[in-house]
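This report describes selected features of one protein model. Please consult the sequence and the structure shown below while reading.

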Amino acid sequence: YDKIIEVVTAVPKEEWDAELIGRLASAHNNLEEYEEAIELLLSVKEEGTDDPLWHFRMGYAQYYLGNEEEAQTAFARTLELDPKDKDARQFLAWCTEHKDENAEETEESFAPEMYEEEEIEAVEAHISRYFPTCSMN
């Protein structure tokens, strides 16, 4: 992948086209340089509108950056354009799994403490014992 980047970047930028930029972005993705890949892909966003590979590469970078909603959108678009793309289907499933897991974690982390009737009575008795009602006389 380093060699691909070396060869492509040796070509003058004014000669780069969407395909070459896509290959360069793919090399960056494979080197875990996802921000660079996204920046390159965004530079040819218009050309990638109907290109399933452009959307897959974007989804891949977004997924590994933890931007699962963006990744999910990109993989869904990949499948609209190429319904047979098994890799996009797998990544989309992973995005959905993570989204479901995160929703469950969020629900659990914000769940209020629930007391049984016996516990409520014990707390009320404690409050009454140590904090009796004050008389204003």
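Gln62 is found in helix H5; helices (H or I, at least four residues) are DSSP runs, numbered from the N terminus. With a relative accessible area of 12%, Gln62 is buried (under 20% relative accessible area, with a 1.4 Å probe and protein chains only).

The side chains of Gln62 and Asn67 form a polar contact at 2.7 Å (a pair of N or O atoms within 3.5 Å, where one must be able to donate a hydrogen and the other to accept it). Apart from neighbours within four places in sequence, Gln62 is in contact with Ile38, Asn67, Glu70 and Ala71 (heavy atoms within 4.5 Å).

## Basis of the model

The model is predicted: local features need pLDDT of at least 70, and side-chain atom pairs count only at pLDDT 80 or more, whereas totals for chains, interfaces and linings use all residues. Residues are numbered from 1 along each chain as its sequence is written, and side-chain values use heavy atoms, with hydrogens and water left out.

## Packing of H2 and H5

Helix H2 (residues 18-30) packs with helix H5 (residues 52-64) at an angle of about 25°, their axes being 10 Å apart. H2 and H5 are therefore roughly parallel to each other (angles under 35 degrees).

In this packing, Gly22, Arg23, Ser26, Asn29 and Asn30 of H2 meet Arg57, Tyr60 and Ala61 of H5.

## The loop residue Glu32

Glu32 lies in the loop between H2 and helix H3 (34-42). Although Glu32 is not a glycine, its phi is positive, at about 60°. Glu32 counts as exposed, at 60% relative accessibility (over 50%).

Terms used:
Axes fitted to C-alpha atoms, helices over the stretch in contact; angles between N-to-C directions. Helix = DSSP H or I, 4+ residues; strand = E, 2+ residues; numbered from the N terminus. Parallel < 35°, antiparallel > 145°, perpendicular 65-115°, else oblique.
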